[in-house]
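Here is a short tour of one structure, with an eye on its contact surfaces. Have a look at the sequence and the model before reading on.

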Amino acid sequence: MPCKNCSLKPVYTALNNESLCSSHFLKYFERKVCKTIAQHKLIDRKDKIAVALSGGKDSSTLLYVLNKFHQKYRLNELHAILINEGIEGYRNITEKDAKKFCRELGIPLKIVDFRKEFKTSIDKLKKKMNPCSACGVLRRYSLNKAARDIGATKLATGHNLDDEAQSILMNSIKGNLEFSAKLGPKTGVLMHEKFVPRVKPLYFMLEKEVLIYSKLRKLPVTFIECPNAGGSFRNEVGRMLNELESKYPGTKQSIVNSFLGMLPLLREKFQKERIRTCRECGEPSVREVCRACQILKI
Amino acid sequence: MVKRFMKIEARIERENKKFKIDVKAGTTAKGLALELGLNPVEVIPAVNEMIVAEDYKIKEKDKVEFLSVVSGG
């Protein structure tokens with residue numbers, strides 16, 4: 001079936017069975033991201049945006065699209081932050097891509113290296129604990145701190161529809177509904193003065209769509225997977241979701257849409273908890289001592 | 001005479017596997033993914049280095065590659 005807008009060969013068939021050629025797919029993608037930003041009020045012109053850049057396809061696509069919007073709509077400043085967690089054979093490769101990409105786009109890049117910042121690395125921590133848990137906590141901690149240091153008013157991450165559907169399902173399976181209250185396209189708005197609100201402009205884009213976009217735009221991305229991700233719970237849930245999506249197309253979208261319907265209730269129930277200040281590092285925390293400080297003591 | 005089978009070259013990016021295979025005339029990219037045991041949701045087909053839609057009908061001597069939709073982690 002040719003592209004629905006012209007007669008060119010399609011590169012993608014959307015969930016509604018409409019086929020799109022390369023140039024109409026790129027337009028569809030950018031319009032959808034723009035719509036997400038507008039509908040959920042993720043970014044306004046005065047915002048100074050920091051993009052969490054890993055050098056992978058999701059964050060590189062996000063940076064590219066936001067840079068396009070930045071030029072088109074004359075947004076305020078755009079920065080990128082890269083966290084090097086110290087995972088040999090992985091982050092050193094994506095860091096090179098990220099540096100090259102930022103140079104090409106003319107976007108300032110701030111790099112936070114766990115080995116300098118915390119005097120440790122995920123390669124060292126994984127001998128003592130689950131590397132994905134440590135990485136998640138320390139990455140979020142470092143991103144927030146780095147975003148605040150450069151004066152960012154929003155921290156944009158490359159989370160896509162697949163990531164969100166996985167998180168919702170993971171929290172449901174583990175019975176961690178309070179964690180789901182922290183999901184959604186925009187988080188952390190009224191949490192703590194030191195907390196930079198996070199936004200997810202790729203929230204409604206399928207991971208597959210992000211990959212197609214990054215390939216068509218020929219973004220400088222090395223397609224490698226974190227060596228620690230293989231047997232992770234997230235990967236297992238991701239595979240399960242893909243099986244469901246294959247049998248029942250639209251599953252991921254439905255999970256996220258249903259979740260968004262419940263999100264105000266979840267936030268009302270779980271986000272009454274006061275966010276404190278960690279007595280050791282002074283960063284936002286739900287406990288007296290934040291999780292990052294606890295991990296670094298192990 | 002209409003050929004019932006065609007010889008093509010296939011590559012699965014994730015497994016870094018490249019091989020020659022006979023496919024039935026009229027096989028789509030999605031059909032080939034399923035035949036190779038891949039979940040079409042987890043791959044993107046590219047033919048002769050160009051991304052194609054899942055309903056692309058494979059032709060004789062095509063080089064079909066299945067790119068992996070993986071998270072960076």
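The report below takes up the domains, then a sheet, and then the contact between the chains.

**Two domains in chain A**

This is a predicted model. Chain A is split into domain 1, residues 1-32, and domain 2, residues 40-297. Their C-alpha centres are 28 Å apart. On the domain 1 side 10 residues take part in the contact, and on the domain 2 side 18 residues do.

Within domain 1, β1 (10-13) and α1 (22-39) of chain A each bring at least two residues to the side that touches domain 2. The largest share, 7 residues, belongs to α1(A). Sorted by class, that side of domain 1 holds 7 nonpolar, 1 polar and 2 charged residues. Three residues, L15(A), F29(A) and E30(A), supply 49% of the area that domain 1 of chain A buries against domain 2, more than any other three. E30(A) also forms a salt bridge with K68(A), with an N to O distance of 3.2 Å.

**The open sheet**

Chain A also has an open sheet of 6 strands with mixed pairing, in the order β5-β4-β3-β6-β8-β7. β5 (109-113) and β7 (186-187) stand at the edges with a single partner strand each, so one side of each has no neighbour in the sheet.

**Where chain A meets chain B**

This contact draws on 24 residues of chain A and 20 residues of chain B. In chain A, the residues that lose the most area to chain B are K208(A), L211(A) and E225(A), together 27% of what that side buries. K208(A) also makes a salt bridge to E54(B), at 3.1 Å from N to O.

Two or more residues of the chain A side come from each of β1, α9 (207-216) and α10 (233-247). Of these, α9(A) gives the most, with 6 residues. The chain A side divides into 10 nonpolar, 3 polar and 11 charged residues.

**The two interfaces in numbers**

| Interface | Buried area | Carbon and sulfur share | Salt bridges | Residue pairs in polar contact |
|---|---|---|---|---|
| Domain 1 and domain 2 of chain A | about 1,300 Å² | 74% | 2 salt bridges | 6 residue pairs |
| Chain A and chain B | about 1,900 Å² | 52% | 1 salt bridge | 7 residue pairs |

Notes. Residues are numbered from 1 along each chain as its sequence is written. Chains are lettered from A and ligands numbered from 1 in the order in which they are written. This is a predicted model: local features need pLDDT of at least 70, side-chain atom pairs count only at pLDDT 80 or more; totals for chains, interfaces and linings use all residues. Side-chain values use heavy atoms; hydrogens and water are left out. Domain bounds come from an automatic or database domain assignment. Contact means heavy atoms within 4.5 Å. Buried area is the accessible area (1.4 Å probe) that two parts lose on being put together, summed over both. A salt bridge is a side-chain nitrogen of Lys or Arg within 4 Å of a carboxyl oxygen of Asp or Glu. A polar contact is a pair of N or O atoms within 3.5 Å; within protein, one must be able to donate a hydrogen and the other to accept it, and residues adjacent in sequence count only if both atoms are side-chain atoms. Helices (H or I, at least four residues) and strands (E, at least two) are DSSP runs, numbered from the N terminus. Ala, Val, Leu, Ile, Met, Phe, Trp, Tyr, Cys and Pro count as nonpolar, Asp, Glu, Lys and Arg as charged, and the others, Gly among them, as polar. Two strands pair if DSSP finds at least two bridges between them.
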